[in-house]
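The sequence and the model come first.

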Amino acid sequence: MASKGSSANEKGKNFERKVSKEIAFALGEEVNRTPSQERFKVRNQGDVNARDYGSILSRFHLELKCHDTLAIPSWWKKTCDDSLNRIPVLVAHLKQSDDLVIMKMSDWLKLLVELKGYIQEKSPD
């Protein structure tokens with residue numbers, strides 16, 4: 001029987017795979033989870049990354065957490081500490097709940113402004 005630690009690790013890996021697939025489908029790009037041994041080599045390697053460095057996803061440092069209880073302050077600190085020059089984004093899943101995306105309000109507002117400009121640019125006059 002698997003130990004509690006190994007089943008928790010497997011749950012985390014499965015969540016990373018699930019989120020990778022959802023992002024890949026939404027963007028129409030190849031997206032992969034980053035194996036843990038690779039994350040230790042390069043500091044701002046998130047849990048999920050696009051294969052193409054030109055991808056919009058490359059602007060973000062994604063930290064994924066799948067736990068039975070939330071520990072947002074410690075997870076957020078790690079996300080920000082590891083993000084370097086990328087926008088820190090924490091994706092958390094709590095048992096029997098929707099996935100949550102947590103980011104700085106200032107980063108979210110910048111995204112809204114960019115989206116507004118894109119929509120205005122694309123809308124017919």
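Glu 16 is buried, at a relative accessible area of 7%; buried means under 20%, exposed over 50%, and partly exposed in between (1.4 Å probe, protein chains only). The side chain of Glu 16 forms a salt bridge with that of Arg 33, at 2.7 Å from N to O. A salt bridge here is a side-chain nitrogen of Lys or Arg within 4 Å of a carboxyl oxygen of Asp or Glu. Because Glu 16 belongs to helix H1 and Arg 33 to strand S1 (residues 31–33), this pair ties together parts that are 17 residues apart in sequence. Helices (H or I, at least four residues) and strands (E, at least two) are DSSP runs, numbered from the N terminus.

The model is predicted: local features need pLDDT of at least 70, side-chain atom pairs count only at pLDDT 80 or more, and totals for chains, interfaces and linings use all residues. Residues are numbered from 1 along each chain as its sequence is written, and side-chain values use heavy atoms, with hydrogens and water left out.

The structure holds 11 salt bridges.

| Pair | N to O distance |
|---|---|
| Glu 16 and Arg 33 | 2.7 Å |
| Glu 22 and Lys 18 | 3.1 Å |
| Glu 10 and Arg 17 | 3.9 Å |

Glu 22 and Lys 18 are both in helix H1, 4 residues apart, which is about one turn of the helix. Glu 22 is partly exposed at 43%, and Lys 18 is partly exposed at 36%. In the pair of Glu 10 and Arg 17, Glu 10 has a relative accessible area of 36% and is partly exposed, while Arg 17 is partly exposed at 35%. Elsewhere, salt bridges link Glu 63, Lys 65, Lys 78 and Asp 82 in a network.

The chain has 4 helices and 5 strands, in the order α-β-α-β-β-α-β-β-α from the N terminus. Of its 125 residues, 31% are buried. Contacts (heavy atoms within 4.5 Å) can also be sorted by sequence separation: among those between residues at least 6 apart, 46% join residues at least 24 apart.

Which residues have the most contacts inside the largest nonpolar core? They are Ile 23, Leu 57, Leu 62 and Leu 64, in a core of 15 residues. Such a core is a set of buried Ala, Val, Leu, Ile, Met, Phe, Trp, Tyr and Cys residues joined through side-chain atoms within 4.5 Å. Helix H1 (4–27), strand S2 (48–50), strand S3 (60–67) and strand S4 (87–94) are the elements that give two or more residues to this core. Leaving aside residues up to four places away in sequence, Leu 57 touches Ile 23, Leu 27, Val 31, Val 48, Asn 49, Ala 50, Leu 62 and Arg 86.

Cys 66 is buried at 13%, whereas Cys 80 is partly exposed at 24%. A search of the whole structure finds 0 disulfides, defined as pairs of cysteine sulfur atoms within 2.5 Å.

The chain exposes about 8700 Å², with carbon and sulfur atoms supplying 57% of it; accessible areas come from the Shrake-Rupley method with a 1.4 Å probe, and for residues only the protein chains shown count as cover. Met 105, Trp 108, Leu 109 and Leu 112 make a nonpolar surface patch of about 390 Å². Patches consist of residues with over 30% relative accessible area and no salt bridge, where like charges are joined within 9 Å and nonpolar side chains (Val, Leu, Ile, Met, Phe, Trp, Tyr) within 5 Å. Met 105 lies in helix H4 (residues 105–122) and is exposed at 54% relative accessibility.
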